[in-house]
Amino acid sequence: MTAREYRRLLGVLLLWALVPLPFLYIVLPPFWLLTAAVGFLLSLRPTWRLRLSVGLLNVIGIAIIAAVLFGGGLHVGPLRPLGHLLLLLTAVRALLVVDRRTFLRALLPVFLVWVVALTSSTDVSVVLYFCISAAVWWWAAMRIHLSGLVDGGLRIAKNLPQPRHVVAAATVTLLLSIPIFLVLPRLHSPWIAGRGGVSSVTGFSSHVDLAGVGSISQSREVAIIVRSVSGKPLDPRWMRLRATALERMTRDTWAARGASRVPENRDGLIWPHGERWSLEDAVELEVELVRPRRFLFQPEGTIALSSPVPVRLDPSGGVVLGRRVSRSLTYTVWVTRGPPPRPTDPPVRGQAKIETNPEVRRLAWDIVAGIDKDVAKAAAVERHLQQNYGYSMSGMTHLRADPVAWFLLRERQGHCEYFAGAMVALLDVVGIPARMVAGYSGGSLSLAGDEALVRQANAHTWVEARVGQGESWTAFDPTPEGEVPPLHRTSGIDRVRWALEWVQSSWDRYVLTFGLGEQMQLISTAADVIDFVLRRFSGRHLFWFVVVVGVGFLLWRSVRNRPVLPSGGLRRSRRTPAANAVGRVARRLQKSGVEVPPRATIRWIANRARTIWPGAGTAVGELAWLAERELYAGGTRRTGDRTRVRHLWTRAHRAMRQ
Amino acid sequence: MGFAASFPGFRLRLTRWGIAYLVGSLILGLAAVNTGNNALMALLGLALGSYVVSGAWSRQVLGSVEATVTLPSEVFADRSALVDVELANTSGIFPAYGLLVRDGEGRAVIFEELLPTNARHKHTVEVVFPGRGWHTLGPWRLEVILPLGFFLKSKALVWDQQVLVYPRLLANVAQSTRRGGGRRSPDALDLRGREGEVTQLRDFREGDELRALHWKQTARQRRLVVVERQRAIERPVFFVLDPRIEDPSDPQQRDRFERLVSEVATGVVQRLRQGVPVGVVVGPIVVHPVRSIRRAPVALRPLAEVQPQPLTETAPAEIDVARKMFFSLAGGPGR
């Protein structure tokens, strides 16, 4: 390959690597636009070369560092500035390609760009990109290797490697990658970004990490299905499902209090609020938890609950599973039609809460200035947050030291955990006990309205403050109203949307969030299948199965290793009519009692046929000549004239029969 | 068929690219396991899958590609001979990309960018055999590095054919055969002067006498043109080679012997080209006169196979002909 071809190939690969970036927030548009411009330049004008002196390269290096610093983005994690740096370095490296060596050097950053773009995508459409990428990289790698073999000498053909070969190889590779993907160990490392062995409540963990990236709400995986047992429509009020309250606070982490050690099961029912209620007026709902983790989720207004597995209660009314459940879990809840019951458990005493930033303290007192009652103070804080702060799923980082102060004073945007965390902190400053509540909100109602799908995207946190009557906890939701996951009612067109969402949900469920639990489940399923097979089929069945498979294998081997005449064309082939005709002559010889050796040549067959059937000599000779031309014409394989071959064969065959 | 039969002399070498790929996969694996990012896991799956597919493909290609060689009918030592090598892909599934055949000295002599399934391509390779005698071609190796170049896999190409390489032809033997030095040339007188009818003018060939040059035509056509004459009487000439030397283990004497054999072979070829029947006597072997250049291998074969003998061996067979040329390092014919 010439330098021009190398540059064009690199440009194409670079553009392909950049495809997902416009749809992601990982890098800012100026950076990927600049790199794309370089890709286009290399692809369309590969002859254009950039000659840079060492001094100018140094200046460009400084400019790159300055651009990365100016681009910033550390607040969304180190990946953004690193991505900017990578893109700019790749662009410069690609421009400097002049030969194979520099091309190979530039290939690595292009590959890294592709990896970053691919691994930052969560949408199901990335599957298509991934599959096409497999073929693109296979093609590129084969072409690069082919050109490496002949560099400085011959030039390889433009159509190599052939696309059908590449597609076949990529397809087999992708199919092979599925079992590899399934068996790769899913271990959350203690080194990087791991959340250890913390079990999950909503989406990721049983504690809320304010500094975490809120990718929960981006997942459309179905988490809970709520059904009305009576078939009557669900009340939208019930569609706020509570797991538990998070009261144990550190600087940026909120966790639930420990549950009791005694399994809770009185009269076959669990009473989350301690007291027994009359179930006569209550509505019975069935809740299916697709991936049970630690808590059962209770629709708002739940007064009683019946679970098929042992459960325990925590002080705030959270229902904790007594043991690990590997499959989906269905349980029954009874919700009241009247005002929902409020938790009355006492707040945590003697535990230091957040060491609040002085400016945050000032802000808290400013918000509640002139207000006497606690309820009004809590409502003022809630209103302040709803009206003065924006909702955003991006912009979070693990590097932030005090996420609440950062949210309240600087960034002024975040997701529901930031709003809830900030409200708890502000109420804490003014002396009102408050806690964060984790759960789900909203969902998608079925057409009949008796069933609702709650997705991971519906994960939500809100606040309970101990204000109002009877020392009970009152719920507040400081997240802007439009950003609280809503309850949709399904229309006809929604079915299409549901189908698409099902695809996305399956992608999220079985690929993006595939983990150790799913691996265990797979092993368990495989064990069940083996057990079923062993129980269903006796030893005799298995014996015959092995026999049939063995015989099939032997037959296949015998067919595969059948003696073949050296000229491949003697086997039946549409492309070699004359060779096929010579093959027929060979078979005629065998029928006449002449032993045709496995390695017989065309000329041998023709000569032997001439001696036995002198009348067919001329025709057979011509057929042999045509067959040799067909088979030994090298790369430019020529096939004989079919009409002529047929005529010759008719003559030869007639002479053989006489 | 066993592995050794399918892959004679199998060699496997990890390439630099393969090492880089392995290290990259390892880093990718660490990143995937650490972060739990399933996209990285999928990438790792793809990387490992590619590794397996590439390995299986190249192995199948190496096993299914066969090479057959067709040697030329006449091969002279120290001269390039054109050898036909046919590569055949017997696999019905795997096309063979990037096949490389290296000769015994490691030079790439054949490059096949794509050999489709069930296809065969013929290549012509220039080969030079340094010495006369029976030779086998090789050891040549078939190398496969594609599709993804992680490993360089190769196997030896086993040729079951042997080629008889005739002695080296000398450019200036015409003069040496006419000179003295113990070589008696009974027909030297016949060669003196120009005689016979002019049959044709033709291009100069190696071994032609300079005095046969047709200078006018040479000047006119700006290439060497010689006059070919038909001798009036074509009596056969016998070349008698005495294979005895004083010390067959002495390299110097062996070199001189080889030179002598080359002189005889050159003389035989020249005479046959001139249309003179030539017989050869090598030790006890007597080859009766051959009359055509096409039959030259009959006369050259004993010259290709002859080995120096000690003086205790018997002298060359006596033949009773008028025209014979005697070649010996051991002295006269009677010794």
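So, the interface between the two chains: 38 residues of chain B are in contact with 41 residues of chain A, where contact means that the C-beta atoms, placed from the backbone, lie within 7 Å. This is a predicted model, where local features need pLDDT of at least 70, side-chain atom pairs count only at pLDDT 80 or more, and totals for chains, interfaces and linings use all residues. Residues are numbered from 1 along each chain as its sequence is written, and chains are lettered from A and ligands numbered from 1 in the order in which they are written.

Which elements of chain B give two or more residues to the side that touches chain A? Those are helices H2 (16–35) and H3 (38–64), plus strands S5 (96–102), S6 (108–115) and S7 (120–128). Helices here are DSSP runs of H or I with at least four residues, strands are runs of E with at least two, and both are numbered from the N terminus. H3(B) gives the most, with 15 residues. By class, that side of chain B has 23 nonpolar, 12 polar and 3 charged residues. For the classes, Ala, Val, Leu, Ile, Met, Phe, Trp, Tyr, Cys and Pro count as nonpolar, Asp, Glu, Lys and Arg as charged, and the others, Gly among them, as polar.

Chain B overall has 8 helices and 17 strands. Of its 335 residues, 34% count as buried; buried is 20 or more other C-beta atoms within 10 Å of the residue's own, exposed is 12 or fewer, and partly exposed is in between, again with C-beta atoms placed from the backbone. Take the contacts in chain B between residues at least 6 apart in sequence: 70% of them join residues at least 24 apart.

Over to chain A, and two helix pairs. H16 (602–612) and H17 (617–631) of chain A pack at about 175°, axes 9 Å apart. That makes H16(A) roughly antiparallel to H17(A). The axes are lines fitted to C-alpha atoms, for helices over the stretch in contact, and angles run from 0 to 180 degrees between N-to-C directions. Under 35 degrees counts as roughly parallel, over 145 as roughly antiparallel, 65 to 115 as roughly perpendicular, and the rest as oblique. From H16(A), the contact includes A:Ile602, A:Ala606 and A:Arg610, and from H17(A) it includes A:Val620, A:Ala624 and A:Glu628. The residues of this contact divide into 6 nonpolar, 2 polar and 3 charged.

Now H10 (403–411) and H11 (416–429) of chain A: their axes come within 10 Å and cross at roughly 95°, so H10(A) and H11(A) are roughly perpendicular to each other. A:Pro403, A:Val404, A:Phe407 and A:Leu408 of H10(A) make the contact with A:Tyr418, A:Gly421, A:Ala422 and A:Ala425 of H11(A). That contact has 7 nonpolar, 1 polar and no charged residues.

Next, H18(A). Where do its buried residues pack? Against helix H15 (577–591) and H17 of chain A. The buried ones are A:Val645, A:Leu648, A:Trp649, A:Ala652 and A:Met656.

Last, two residues. A:His165, in helix H7 (163–183) of chain A, is buried, with 21 other C-beta atoms within 10 Å. A:Asn388, in H9 (374–388) of chain A, counts as exposed, with 11 C-beta neighbours inside 10 Å.
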